[in-house]
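Good morning, colleagues. Please take a moment to look over the model on the screen before I describe its parts.

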Amino acid sequence: MDINKDLVAASATPLVLAILTEGDSYGYAILKRVSELSDGGLEWTDGMLYPVLHRLERQGHIEGRWGSSETGRRRKYYRITGQGREQLREHRQQWQTVDSALRNIWLSVWIPLGPACKPVWQGG
Amino acid sequence: MAVSQSRDQLEEQIDQWRGYLRRHQAISPADVEELEDHLRGQVATLTGAGLSADEAFLVAVKRLGALDAISNEFAREHSERLWKQLVVAQAPSGEAKREYRKEFMVVLALAVAAALAVKVPELFGVELSGTDDRETMFYVRNFSLFVLPLLTGYFVWKRGVTARTWGWLALLFVVALVVANIYPFQPDSDTAALTALHLPIALWLVVGVAYVGGRWRDSGRRMDFVRFSGELFIYYVLIALGGGVLIGFTMGMFEAIGIDAEWMVEDWLVPCGALGAVIIGSWLVEAKQSVIENMAPVLTRLFTPLFAATLLIFLATMAWTGRGIDIERNILIAFDLLLVLVFGMLLYSVSARDREAPRDLGDLLLVVLVICALITDGVALAAIGARISEFGFTPNRVAALGENVVLLVNLAVSAGLYVRFMRGRGSFAALERWQMAYLPVYAVWAAVVVVLFPLIFGFA
């Protein structure tokens, strides 16, 4: 499923921050975790994660440090900061508001989900 | 065996990919490393799932996304990287860093030597800011000799020229030193002033021989020296501006506590700074060569249309109103300066032009500029020639006339070659070759003025 670019961009920050709350991590592992959490539904262009990480680092929400991987190569690990946790809390509130609003409206309107469910009047 | 082979192949592919990534200015070496770690992680996962190394690499690269798009994202986050920085203190590690340190120490020592050299004559009682005209003239004649030998030394050291070239360079400086100081110039002598003015021009070409590492027959290397000269000029002006601010503050601050700092500025800051800056400026141009875009051609491009328009309007006005050029004493020098300016614009346009690029509006403007300058100068020369006997042949006038002829010949031939190129009959390289072949003429003419004029005109 293709997810709208703006939506991907908007959800990237809370996702990255939340994944780092689970523990320190690095680029590729963060992407794998995103894919896992969304059952493969949320696929980012891999390269785009890094500018996001660097922005969060510049804003002070996360901290990067160079360590080494299992094979001994240099690898950059990221850790969430106190300020990052605060930011995550804010994001969470915002998303919950959006989520509950959408939930309520889904209950009162009916739209077909996915291309497989064609509306009855087209089903012939 | 097959596994290790495919692993080698993978490493090779990653190497290539890394090299390609590095060419993106917005992606720093640390970013490349981070992305490589990602790529390797992805490849490991995919080969674990049964893909061959080849396939895994292709899929991993594809998932990473289009490099240009990623580079754009990086540029958005790190916009400062698009501003090429000339960070003097930042050098690569290891061997390169040691080399870099060594060069810096050499440059620093030479700059200090140049700054102190100008103070040496004072030890022998020749006052720099003295009231004696003879002492002032000594410094005016010799100022290029305080720094240019040291600058030449820097390039000799850096390029490693042969002993033979080294000997010639040393000999030329010794000759210059002797001529500038042994000639019995009369007080208020015109030829002494001409020597002071022309010696730096002749010696600058000597510096050029060291700059090109002795390969002065190579026209490509000559062009490099021309580029170097233009950039050095711009750096020097910028350093001078900074120096002006420093001097202003020095004077103002000491004045605030009631101490006169003028002697310090006049005797030390200005002369020492002016000479030391030549070495420091040269080193900066050397260091930034490939880091920052050359400025001289940019300025040339900016001003070529403006000067072309001014000259066109000037000629049109002259034709329309029928006014002749008002011949007065300094008119020749004014027209020399015009030719020098147009010559500089032509030279720096040539230095920056891609030889294979098609003709464009910039070329047309340049041709118009050169032809207008030729016509203007021709009109002036005709007017002066008619009355030259009336004014008499003083050394100044002969020197100015000679310069005019030297530049006029260059510009006339250049105009011819440029027009041929514009009409598709000749190549641009011919124009470049002509300019470079002509360079020694300036040095020879300057040397003639320095060495022969005082003899011909009896040191007047």
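I begin with a pair of helices: helix 7 of chain B and helix 8 of chain B are roughly antiparallel to each other, a term that covers angles over 145 degrees. Their axes come within 10 Å and cross at roughly 175°; axes are lines fitted to C-alpha atoms, for helices over the stretch in contact, and angles run from 0 to 180 degrees between N-to-C directions. Helix 7 spans residues 133-159 and helix 8 spans residues 163-182. Helices (H or I, at least four residues) and strands (E, at least two) are DSSP runs, numbered from the N terminus.

A word on the source: this is a predicted model, in which local features need pLDDT of at least 70, side-chain atom pairs count only at pLDDT 80 or more, and totals for chains, interfaces and linings use all residues. Residues are numbered from 1 along each chain as its sequence is written, while chains are lettered from A and ligands numbered from 1 in the order in which they are written.

Which residues of helix 7 meet helix 8 in chain B? Among them are B:Leu145, B:Pro149 and B:Val156, and the residues they meet in helix 8 include B:Trp166 and B:Phe173. Contact requires C-beta atoms, placed from the backbone, within 7 Å.

I turn to helix 4 of chain B, residues 67-77, whose buried residues are B:Ile70, B:Glu73 and B:Phe74. A buried residue has 20 or more other C-beta atoms within 10 Å of its own, an exposed one 12 or fewer, and a partly exposed one a count in between, with C-beta atoms placed from the backbone. Seen down the helix axis, the buried residues fall within an arc of 100°, so they line one face of helix 4 of chain B; the arc is that of the directions from the helix axis to the C-beta atoms. On the face turned away are the exposed residues B:Asp68, B:Ala69 and B:Arg76. The buried residues of helix 4 pack against helix 3 of chain A together with helix 2 of chain B.

Finally, chain A holds an open sheet of three strands in the order 1-3-2, with antiparallel pairing. Strands pair if DSSP finds at least two bridges between them; strand 2 and strand 3 of chain A pair over seven bridges. A:Trp66 stands opposite A:Lys76 in strand 3 of chain A.

Note on methods. Angles under 35 degrees count as roughly parallel, over 145 as roughly antiparallel, 65 to 115 as roughly perpendicular and the rest as oblique. Two residues are in contact if their C-beta atoms, placed from the backbone, lie within 7 Å.
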